[in-house]
Amino acid sequence: MLPDGRNHSVDSENRLRDAMASFTTSPSSARREVERILHDDPDFLPAHRALARILRLMGDEAGADRTELEAISIGIQRPDFAAAQAAFLAGKLDAAEPLIRKHLHEDPRDPAGALMLGEIAARCGAKQEAENLFNRAILLAPSYIEARFALAKHQRDTGRYEDSLDTLGALLANRPDYLPAMALQAAIFVQLRRIDEADIAFLAMHERHPQDARGWANHAFMLKTVGRLDDAVAAYRRALAVDPANAQAWWGLSNLKTIRFNEADAKAMRSALQQEGMIADDRVQIAYALGKALDDLRDYSGAFAAYSEGARLRLEQVPYDPGKVKAHIDKSRQTCTSAFFEARAQWGSTKADPIFIVSLPRSGSTLVEQILASHPMIEGTEELHDIERIALTMAPGGETGSWLDILPTLSREKAQELGDHYIDATRRFRFTDRPFFTDKMPSNWVFLGLIQTILPNAKIIDIRRHPMGCGFANFSQHFNWGINFSYDLNHIAEFYATYLQQMAHFDAILPGRIHHVTYEDLVQNTESEVQRLLNYVGLPYDEACLRFFENRRAVYTPSSEQVRSPINRDGMERWKNYESFLEPLKQALGPALQHYPDFPPTRSLG
């Protein structure tokens, strides 16, 4: 069918069959005949594809590429493909899949159809089918850059980073200016912590696409993580020069913490928020950045209003049910008892490499990690997801906390296998021969029972911060993902109390197992607290731990710049500027606030 629904002539089909049959004996004649067919019938898709094959076989790669892309352009205009594409773009995969399968049944050589079905398969978790379809699209049209990029992205998404980089390398060799591939390559280098290569990739992207604000903002984030603060600020500002409403750049600047916004910045953010059609994610990011700007300008009422608006919008995106976390911890306390661990003494991995640092966000865990990572025997990694991943794989498809139903059924051998698996899996984040490493995933406090079962020789450090300071720090911080309790003051208070319940329980059943430190003590009595930390870990004192701010390791959390400066009290009591707005938090905290820094009796926490 033609794009307008008319049938191509039988004559065109017969002429094309005869032309292709003559190719082996007279390639030039076959080419001329196919070109004549297209002159007479310009939308005859099989002739475009045939001409592309002929040109490629005759060594005319540029002509073949051009003809393949013309064929794809014609093909996607067909009504049946357009219907499938409309459903796909609307996110209606259940409707798109049968339409595109029917289309491919009628035209199995359509690379665009193979690509779309591959995208559907990838979104549905059919990893191998997706890869096969992407490769088929490339086979049908080697110049189809979108198919090569889809394959590279799929390889990245399935953890095959080197394969993805190889695919991107081949793509960029032919199309060195293809921005999506340049951006993905830089992102993978960052993900693999190959910072020098990432820097080179970003610079190449800026050279070819100097007006790409997202590229400047992404580069700025990388520069921030490795401590190149001035370069990061310059890159964020370059992004804003290109796009004054770039939410990623405003939010990134606000996350640097150590810079101060001015009146012009606040005005620019307000102007950006007035734009119609801004997506919710961007509006959230700029609202939080505006809160930081107004805080810098000491307009605390305006700042709290901006934070509250950002929190309101974010909570609409990620509804939070505090009951799920409480139920999870209640089950943990019921399952993980003194008798439970007495029956499993000496179980799990014998390894003592990990040092878990647990806390609520914005409580000082990055500072503790930076101090420990400055010791010559401890490697700082980052927030690792492996403990949670192990918990989820224990009960795939189960509800929150289902791993606790499986934990009592583990054999001694399985407990050791899981512990050793954690050690092996986290080696990908270890780049030195230091015998110990930190795992600074704050939420691992939820999985203390699992850690104790499979890694009984690991160290666990809990750092907590004044409930009001911690609470406001969370409320005024926009997190990319996972910290959904932080967008409501009552949710924050409930989460803090649940966290204390878990800690008090494990202190009762495993006395001395967890080392506790408060952020305030660490700031006010740094040397003695560092000594206590090292005594607990079992390592000799080292002066480098007090000079942690000289450690140039990459830091990926919002506290990255704060831990590159000597300890100070800046921000420790920032919450007091907002005390009149925080009465709901104060009331909801109740015993957790009244007893701090001591640990309130478990019964008083509900």
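**Figure 1. Helices α8 and α9 in the predicted model.** The axes of α8 (residues 127-140) and α9 (residues 145-157) come within 8 Å and cross at roughly 155°. Axes are lines fitted to C-alpha atoms, for helices over the stretch in contact, and angles run from 0 to 180 degrees between N-to-C directions. Helices (H or I, at least four residues) and strands (E, at least two) are DSSP runs, numbered from the N terminus. The two helices α8 and α9 are therefore roughly antiparallel to each other; angles over 145 degrees count as such, with under 35 as roughly parallel, 65 to 115 as roughly perpendicular and the rest as oblique. The crossing of α8 and α9 is left-handed, a term used if the near helix is turned anticlockwise from the far one by less than a right angle, with right-handed if clockwise. On the α8 side, the contact (heavy atoms within 4.5 Å) is made by Lys127, Ala130, Glu131, Phe134, Asn135, Ala137 and Ile138. On the α9 side, Ala147, Arg148, Ala150, Leu151, His154 and Gln155 take part. By class, this contact of α8 with α9 has seven nonpolar, three polar and three charged residues. Ala, Val, Leu, Ile, Met, Phe, Trp, Tyr, Cys and Pro count as nonpolar, Asp, Glu, Lys and Arg as charged, and the others, Gly among them, as polar.

Residues are numbered from 1 along each chain as its sequence is written. In this predicted model, local features need pLDDT of at least 70 and side-chain atom pairs count only at pLDDT 80 or more, while totals for chains, interfaces and linings use all residues; side-chain values use heavy atoms, with hydrogens and water left out.

**Figure 2. Helices α9 and α10.** The axes of α9 and α10 (residues 161-174) come within 7 Å, crossing at roughly 160°. Helices α9 and α10 are therefore roughly antiparallel to each other, and their crossing is left-handed. Helix α9 contributes Ile145, Arg148, Phe149, Leu151, Ala152, Gln155 and Arg156 to the contact, and α10 contributes Tyr161, Asp163, Ser164, Thr167, Leu168 and Leu171. The contact of α9 with α10 has, by class, seven nonpolar, three polar and three charged residues.

Figure 3. Arg49 is found in helix α3 (residues 45-57). Arg49 counts as buried because its relative accessibility is 15%. Buried means under 20% relative accessible area, exposed over 50% and partly exposed in between (1.4 Å probe, protein chains only). Not counting residues up to four places away in sequence, Arg49 touches Ala71, Arg78, Asp107, Arg109, Asp110 and Pro111.

**Figure 4. Surroundings of Tyr422.** Tyr422 is found in helix α24 (residues 412-425) and is buried, with a relative accessible area of 0%. Leaving aside residues up to four places away in sequence, Tyr422 touches Pro354, Phe356, Leu384, Asp386, Ile387, Ile390, Phe437, Asp439 and Leu455. Tyr422 and Ile483 are 61 residues apart in sequence and, C-alpha to C-alpha, 24 Å apart in space.

**Figure 5. Helix α21 and its cover.** Helix α21 (residues 365-373) is mostly covered, with nine of its nine residues buried. The buried residues of α21 are Ser365, Thr366, Leu367, Val368, Glu369, Gln370, Ile371, Leu372 and Ala373. Their cover includes the strands β1 (354-358), β2 (378-382), β3 (436-439) and β4 (459-464), and the helices α28 (519-524) and α29 (526-537).
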